[in-house]
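Here's a quick walk through a few spots worth a look in your viewer. Keep the structure open as you read.

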Amino acid sequence: MALLSAESTITLNNGVEMPVLGLGVFLVPDDDATNAVNHALTEGGYRHIDTAKIYGNEVGVGEGIRRSGVAREDIFVTTKLWNADQGFESALAAVDGSLARLGLDYVDLYLIHWPMPKVGLQLESWHALERILEQGKARAIGVCNNSPIHLQELLDEADVVPAVNQIELHPHFPQYVTRAFDEYHGIVTESWSPLGGTPRDGLNGGKRENTLLHDPTIAAIAAKHGVSPAQVLIRWHLQNGLVVIPKSLNPDRISQNADVFGFELDGADIVAIDTLNSGVRGGAAPDDVNQ
Ligand code: A2P
């Protein structure tokens, strides 16, 4: 994979080309999503947007795409099946709802948002996604938040191997085992919270902070290359062969996050970043999300 620009792609297991860098819009309000998506596509050079029904901004994302004037076929759009819509018929209806809100005839990638192992509907939902693929409403289908045990259960019964597994992944939580499992099965791993996540209120009144963007090791590498900590982190994902979807609401930071093709981390940088593995995730564990 030659990393030349935000248009650089990785080939999915069904031949579809997926840009390795995309804009994430988790926790971005609908109106802001229009501006962020429009800026990313027109000024930032992005060709990939990652949303989800539960983000509540599919309408704004669709508007941003249209406002940008970039041709639909040049943009890779992902959305996701929300938990409440799992099941065969409900998943078929849910994709139509997402397409209507986005104002699109198809998405490039449709993902199951959580496996919900205690509910046990991932396989049934997956068969709906296989139908959605067949109908041309998605060019590729995949899952999120699957650990190898969830994926193995799916692979045992699936007709189509997921193209992508989107999981929480950053230097504090590098997910070596799931990455190896994905790779063995030809599944592309995509990183959510790639910069360590958006600070927000957590469960039980706690606060979730982002310590990765302020980490001294990352700061030293950033200074060495004359780039920002976010750019170092994005480059780490790309050089690890991961698809990365940093989120930002701010036009300058959206542009900055796509300006990562003019420098390269060296072996010493990668080794130093790999020491930051704490084994601690910032978001929910897949087995704990069941509604
Ligand atoms: P903002 O939207 O104000 O730019 P993640 O993608 O891991 O969820 O991280 C998103 C968080 O990182 C958001 O709080 C976002 O804030 C912040 N962020 C995104 N890009 C940058 C950047 N280039 N520099 C500093 N902070 C950034």
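## A covered strand and its surroundings

Strand S9 (residues 188-192) and strand S12 (residues 243-244) run parallel, joined by two bridges. Within that pairing, Glu190 has Val243 in S12 as its bridge partner. Bear in mind that this is a predicted model.

S9 also pairs with strand S8 (residues 164-168): the two run parallel and five bridges join them. Val164 sits opposite Val188 in S9. To get from S8 to S9 the chain goes through helix H6 (residues 176-184), and this β-α-β crossover is right-handed.

How many residues of S9 are buried? Five of its five, so the strand is mostly covered, with buried meaning under 20% relative accessible area. Val188, Glu190 and Trp192 are buried on one side, and Thr189 and Ser191 are buried on the other.

**Two buried polar residues**

Glu58 lies in helix H2 and counts as buried, at 2% relative accessibility. Its side chain makes a polar contact with the side chain of Arg101. Leaving out residues up to four places away in sequence, Glu58 touches several others, including Asp30, Thr51, Lys53 and Ser98.

Asn210 is in the loop between strand S11 (207-208) and helix H7 (216-225). With a relative accessible area of 10%, Asn210 is buried. Beyond residues up to four places away in sequence, Asn210 touches Leu195, Gly196, Gly197 and Pro199. Gly196 is 14 residues away along the chain, yet its C-alpha atom and that of Asn210 are separated by 5.7 Å.

| Side chain | Partner | Distance |
|---|---|---|
| Glu58 | Arg101 side chain | 2.7 Å |

Just after H2, Gly69 takes a positive phi of about 75 degrees.

Which residues touch the most other members of the largest nonpolar core? Leu12, Leu23 and Tyr110 do, in a core of 82 residues. Setting aside neighbours within four places in sequence, Tyr110 is in contact with residues including Thr79, Leu81, Ala91, Val95, Leu129, Ile132 and Ile141. In soluble globular proteins, nonpolar side chains tend to be buried together.

Note on methods. Residues are numbered from 1 along each chain as its sequence is written. This is a predicted model: local features need pLDDT of at least 70, side-chain atom pairs count only at pLDDT 80 or more; totals for chains, interfaces and linings use all residues. Side-chain values use heavy atoms; hydrogens and water are left out. Helices (H or I, at least four residues) and strands (E, at least two) are DSSP runs, numbered from the N terminus. Buried means under 20% relative accessible area, exposed over 50%, partly exposed in between (1.4 Å probe, protein chains only). Contact means heavy atoms within 4.5 Å. A nonpolar core is a set of buried Ala, Val, Leu, Ile, Met, Phe, Trp, Tyr and Cys residues joined through side-chain atoms within 4.5 Å. A polar contact is a pair of N or O atoms within 3.5 Å; within protein, one must be able to donate a hydrogen and the other to accept it, and residues adjacent in sequence count only if both atoms are side-chain atoms. Two strands pair if DSSP finds at least two bridges between them. A crossover is right-handed if, with the strands pointing away from the viewer, the path from the first strand over the helix to the second runs clockwise.
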